[in-house]
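This briefing covers one chain, topic by topic. Please have the sequence and the 3D structure open while reading.

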Amino acid sequence: MTKKHVILVGTPNWSQDVDQAALSPVSKKYRKNVMYTLHFYAATHKEWLRDKAQAALDKGLPLFVSEFSICDASGNGGLDKAEAKKWLTFLDKNNISYMAWSLSNKAESSAFIKSGCSNTGKWSSKNLTAAGKWITNWYKRNKKNTLESVFFYSFENFEQLQIKI
């Protein structure tokens, strides 16, 4: 039987100490399907965290960014688009997959959907926040314009949600 599932393993300090995980990874016996999670918020986590990620990559640790946004680590505050561009360029260059936080209509900087919009789907680009627009546009520009929609999965009711872009 072939194992096709990926196991995501967090690291200390809100999944930022991937360099430490690289010094003591999961046993080789179990390593085939394991990836280590990295979280960043562009306005807070700068070059120093990319350096930690690079150190982990240099040791062969597979990384997956399971949470990021272009605001500060509180999930609020101003957007740092220049730093976000550095981050996503780094991730793309290193073939690291990433998922943005958060698919919500909460009135905060990291939310993809404007507050006041439905939280159950049927969104269009006009329903996106500034962060939602920037991240969606990044995908459109840098993924060879192959996207017509961005899909999300709601863990609350296990349904697929879609934003037309």
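Helices (H or I, at least four residues) and strands (E, at least two) are taken here as DSSP runs, numbered from the N terminus. On that basis the chain of this predicted model contains five helices and seven strands. Along the sequence they follow the pattern β-α-α-β-α-β-α-β-β-α-β-β.

**Chain as a whole**

- Of the 165 residues in the chain, 42% are buried.
- Taking contacts between residues at least 6 apart in sequence, 63% join residues at least 24 apart.

**The sheet**

- Four strands form an open sheet in the order β1-β2-β3-β4, and the pairing is parallel.
- β1 (7-9) and β4 (98-100) are the edge strands, each pairing on one side only.
- From one strand to the next, the twist averages 30°.
- Helix α4 (residues 81-93) packs on the sheet and touches β2 (34-41), β3 and β4. The direction of α4 makes about 165° with that of β2, and since angles over 145 degrees count as roughly antiparallel, the two run roughly antiparallel.

**Strand pairs**

- β1 and β2 are paired in the parallel sense over three bridges. I7 has V34 in β2 as its bridge partner.
- Between β2 and β3 there are six bridges, again in the parallel sense. In this pair, Y36 stands opposite L63 in β3, and T37 stands opposite F64 in β3.
- Strand β3 (residues 63-69) runs parallel to β4 and is joined to it by two bridges. The bridge partner of F68 in β4 is A100.

**Burial of the strands**

- β2 is largely enclosed by the rest of the structure, because seven of its eight residues are buried.
- β3 is mostly covered, with seven of its seven residues buried.
- Buried here means under 20% relative accessible area.

**Helices α3 and α4**

- The axes of helix α3 (residues 47-58) and α4 come within 11 Å and cross at roughly 5°. Angles under 35 degrees count as roughly parallel, and α3 and α4 are therefore roughly parallel to each other.
- On the α3 side, the contact is made by E47, L49, R50, A53, Q54 and L57. On the α4 side, E83, K86, W87 and F90 take part.
- The residues of the contact of α3 with α4 divide into five nonpolar, one polar and four charged.

**Backbone points to check**

- Most residues other than glycine have a negative phi, and most peptide bonds are trans.
- The peptide bond that joins W101 and S102 is cis, with omega of about 5°. S102 lies in the loop between β4 and β5 (123-124).
- N13 is not a glycine, yet has a positive phi of about 65°. N13 lies in helix α1 (residues 12-15) and is partly exposed, with a relative accessible area of 37%.
- W14, also in helix α1, has a positive phi near 55° and is a residue other than glycine. The relative accessible area of W14 is 68%, which means that W14 is exposed.

Note on methods: Residues are numbered from 1 along each chain as its sequence is written. This is a predicted model: local features need pLDDT of at least 70, side-chain atom pairs count only at pLDDT 80 or more; totals for chains, interfaces and linings use all residues. Side-chain values use heavy atoms; hydrogens and water are left out. Two strands pair if DSSP finds at least two bridges between them. Axes are lines fitted to C-alpha atoms, for helices over the stretch in contact, and angles run from 0 to 180 degrees between N-to-C directions. Contact means heavy atoms within 4.5 Å. Buried means under 20% relative accessible area, exposed over 50%, partly exposed in between (1.4 Å probe, protein chains only). Angles under 35 degrees count as roughly parallel, over 145 as roughly antiparallel, 65 to 115 as roughly perpendicular and the rest as oblique. Ala, Val, Leu, Ile, Met, Phe, Trp, Tyr, Cys and Pro count as nonpolar, Asp, Glu, Lys and Arg as charged, and the others, Gly among them, as polar.
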